[in-house]
Amino acid sequence: RKLGYAIVGLGSYATKQIMPQFAQCASSRLVALVSGTPEKLERYGAEYGIPQTHRYSYADYDRIRDNPDIDIVYVILPNSMHAEYTIRAAKAGKHVMCEKPMAVSSAECEAMIAACRAANRLLMIGYRSRFEPYNRLCIKLAKDRLVGPTRIITAEHGFNAQPNQWRLDKPMSGGGSLMDIGIYSLNATRYLTGEEPILVSAVESTDRSDPRFRTVEDRIDWMFRFPSGIVANCVSSYTSPHNRYRIVGDQGWIDMEPATAYQGQTMRINRNNHTEAGPTPPPANQFVGQLDHLSECILTGRQPIVPGEEGLRDLRLIEAIYRSAREGRAISLG
Ligand code: NAD
């Protein structure tokens, strides 16, 4: 059986990356659309064969409760709207997939988890890299100590942000590059180590005369120390392109660049002073894997590998990174 998804927010990521993937899904189908723009409902409704009865405005949103074809609501709105639309979906009896960052504060994440728990519905965060085959392989190679026990991780994520968008408006985004793209560096250090950081030290560098950065940060770089002694050095930027990470062990390194892009992941491995291409994992589509994972968890009564608690952990760490940068000191965690 294929479970039915309603997509909430017909912006760039929803329409260009997510909606075209349902055609390849084994356990998921697109059954409904929610948008504030009637022209988008008309255009994408026609393109994906979604009948008028399954097209909703934001004012109509709570009526999804009465539509048994909708099993899952996928929230792909600006960050500040994730909590409200997740909680309303849970109250309407629907399971929820919510985009990263889960919300704009850890308090909102806690409310989202509580609402889904109270409604007995599953909540998963759109951490697609966990379904991307090179990232999965990298996690395994690190665990198997291919280059020895991990000592250091470097992770860099960034792009040159276009002006005049909600990402640069703190009330909508919750923060700058860290909320949007640095979160990939942060999340990778956790899945590559399988550990939770115990210390964070961060430095922010933002040119406040740049009109893009009136309310949000550009660069924020931080260091995490993990319980085993692993140290991660991370970059997050809105003014320079980065998409890579490197795991360094005592016998070499594993490098991924791009690491978390939509496609084109490339792995290189250095061992005993010799560098070569990494192994090629069996092909898999990360978007399809993510969408079908939640459907299969619902159908089989399992918890997703990236539940709301995973988004909450990242938001707590984001808050600690901001606090460390603001206070100019290292912060002990947990
Ligand atoms: P976008 O600006 O292209 O789309 C946002 C949508 O929300 C638009 O359709 C817009 O009309 C709608 N919207 C509703 N109310 C709005 C309001 N008050 N202000 C602004 N827009 C409003 O953004 P996007 O790039 O699609 O990002 C949406 C979410 O998806 C974000 O949380 C983002 O972090 C996430 N995202 C995830 C990935 C990923 O790879 N997992 C990639 C891109 C974006």
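Student: Which residues of α3 meet which residues of α4?

Tutor: In this predicted model, A83, T86, I87, A90 and K91 of α3 meet E108, A111, M112, A115 and C116 of α4. Sorted by class, that contact has seven nonpolar, one polar and two charged residues.

Student: Why are α3 and α4 called roughly parallel?

Tutor: Look at the angle. The axes of α3 (residues 82-91) and α4 (residues 106-118) cross at roughly 10° and come within 9 Å. Angles under 35 degrees count as roughly parallel, and α3 and α4 are therefore roughly parallel to each other.

Student: What makes α7 roughly perpendicular to α9?

Tutor: The angle again. Helix α7 (residues 177-193) packs against helix α9 (residues 308-327) at about 110°, and their axes are 11 Å apart. The range for roughly perpendicular is 65 to 115 degrees, so α7 is roughly perpendicular to α9.

Student: Which residues meet where α7 and α9 pack?

Tutor: From α7 come L178, M179, I183, L186 and N187, and from α9 come D314, L317, I318 and I321. Seven residues of this contact are nonpolar, one is polar and one is charged.

Student: How do you know whether V147 is buried or exposed?

Tutor: Count the C-beta atoms around V147: there are 21 others within 10 Å. A residue is buried if that count is 20 or more, so V147 is buried. As for its place in the chain, V147 lies in the loop between α5 (133-143) and β7 (150-158).

Student: What is V147 in contact with, leaving aside its neighbours within four places in sequence?

Tutor: Its partners are I247, G249, Q251, G252, W253, I254 and R271. Take I254: V147 and I254 are 107 residues apart along the chain, yet their C-alpha atoms are separated by 7.4 Å.

Student: How do you know which strands β12 pairs with?

Tutor: Two strands pair if there are at least two bridges between them. Strand β11 (residues 242-249) and β12 share five bridges, in the antiparallel sense. Here R246 stands opposite D255, and a hairpin of two residues joins β11 to β12. Five bridges also join β12 to β13 (residues 267-271), and this pair runs antiparallel too. The bridge partner of I254 in β13 is I269.

Student: Where do these strands sit in their sheet?

Tutor: They belong to an open sheet of nine strands with mixed pairing, in the order β14-β13-β12-β11-β7-β10-β9-β8-β15. What makes β14 (274-277) and β15 (331-332) the edge strands is that each pairs on one side only.

Student: How do you know that β15 pairs with β8?

Tutor: Two bridges join β8 (residues 199-205) to β15, and these strands run antiparallel. At least two bridges are needed for a pair, so β8 and β15 qualify. Within this pair, V200 stands opposite I331.

Student: Which strands does α5 touch?

Tutor: Helix α5 packs on the sheet and touches β7, β11, β12 and β13, with its direction at about 165° to that of β12. Helix α7 packs on the sheet as well, touching β7, β9 (219-225), β10 (231-237) and β11; the direction of α7 makes about 160° with that of β7.

Student: How is the protein divided into domains?

Tutor: Domain 1 takes 3-128 + 287-307, and domain 2 takes 133-282. Their C-alpha centres lie 27 Å apart. Nine residues from domain 1 and nine residues from domain 2 make the contact. On the domain 1 side, four of these residues are nonpolar, four are polar and one is charged.

Technical notes. Residues numbered from 1 in each chain as written. Predicted model: local features only at pLDDT ≥ 70, side-chain atom pairs only at ≥ 80, totals over all residues. Domains from an automatic or database assignment. Contact = placed C-beta atoms within 7 Å. Nonpolar A, V, L, I, M, F, W, Y, C, P; charged D, E, K, R; others polar. Helix = DSSP H or I, 4+ residues; strand = E, 2+ residues; numbered from the N terminus. Axes fitted to C-alpha atoms, helices over the stretch in contact; angles between N-to-C directions. Parallel < 35°, antiparallel > 145°, perpendicular 65-115°, else oblique. Buried ≥ 20, exposed ≤ 12 C-beta atoms within 10 Å, placed from the backbone.
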